[in-house]
Amino acid sequence: MTKYVLYTANRSGAASVEVLMSALGLEFETKDATPWTEPPGPFFEELKHVNPLGQLPTLIAPGGEILTESVAVLWTLLERHPSDWVPARSTRDRAACLRWMQFAAATVYCAVGVADYPARWTTAGDDASRRAVEDAAVARMKLGWDVVASQHAETPFILGERPYVCDIYLANLSRWWKMRDYLRHRHPGFSDLMTRVDALPEVAPVWARHWG
């Protein structure tokens, strides 16, 4: 292999990886492995051979190495292709960038997976029980966004005057489960930040493909 191969789907966590790879000028191929449509994307079965859970994003490096988990994929790309999309090493900003990405992955992203597929998270078979699981997961998402937004110092971007990979990552996650509406209502300053990320020239074309 001479280029990266990204298994992706519209409106998925792979969108932030597409943004970063394009911004870094990397050569990559995308394969539609949408798992939630019927039939699924044409490369979904191929994805399951690479990643048995069939989760996105999954990235194959030019040497054949398999990369999964969105934060790990983004951070690995930045380690291998240095750029100003991540703060300098051994700085507080770099630690904060990784902290908020991992916090969002563990708190928000995980809750999205529960809300999307509540039947996986309860042994009860009735609709009311599954709705209760979904409601609890959505409440967890909102709590996660409350924590992140409360730490925003009203700067143009998460860590100050310029955007980093953490801004891209959070902007993508905030589009799920109508969390943009929640942020506009509860945290308008942070909502404005997300809108600024949407408009970045590196971001807007990818968002247009994913979100229409």
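This is a predicted model: local features need pLDDT of at least 70, side-chain atom pairs count only at pLDDT 80 or more; totals for chains, interfaces and linings use all residues.
Local features are taken where pLDDT is at least 70 and side-chain atom pairs where pLDDT is 80 or more, while totals for chains, interfaces and linings use all residues. Residues are numbered from 1 along each chain as its sequence is written, and side-chain values use heavy atoms, with hydrogens and water left out.

To start with the sheet, 4 strands line up in the order S2-S1-S3-S4, making an open sheet with mixed pairing. Helices (H or I, at least four residues) and strands (E, at least two) are DSSP runs, numbered from the N terminus, and two strands pair if DSSP finds at least two bridges between them. Strand S2 (28–32) and strand S4 (66–68) sit at the edges with a single partner strand each, so one side of each has no neighbour in the sheet. On average, neighbouring strands are turned by 20 degrees against each other, direction ignored; axes here are lines fitted to C-alpha atoms, for helices over the stretch in contact, and angles run from 0 to 180 degrees between N-to-C directions. Strands S1 (residues 4–8) and S3 (residues 58–60) pair in the antiparallel sense over 3 bridges, and Tyr7 has Thr58 in S3 as its bridge partner. Helix H3 (residues 70–80) packs on this sheet and touches S1, S3 and S4, its direction making about 125 degrees with that of S4. Contact here means heavy atoms within 4.5 Å.

Next come the aromatic rings. Rings of Phe, Tyr and Trp (its six-membered ring) pair if their centres lie within 6.5 Å, with planes under 30 degrees apart counted as stacked, over 60 as edge-to-face and the rest as tilted. That gives 3 aromatic pairs. In one of them, the ring centres of Trp100 and Phe103 are 5.5 Å apart and the planes stand at 80 degrees, so the pair is edge-to-face. Both residues lie in helix H4 (residues 92–116), 3 residues apart, about one turn of the helix. Trp100 is buried at 8% relative accessible area, whereas Phe103, at 24%, is partly exposed (buried means under 20%, exposed over 50%, partly exposed in between; 1.4 Å probe, protein chains only).

Finally, the cysteines: a disulfide is a pair of cysteine sulfur atoms within 2.5 Å, and the count is 0. The sulfur of Cys97 has its closest cysteine sulfur in Cys166, 3.3 Å away, which is too far for a bond. Cys97 is buried, with a relative accessible area of 1%.
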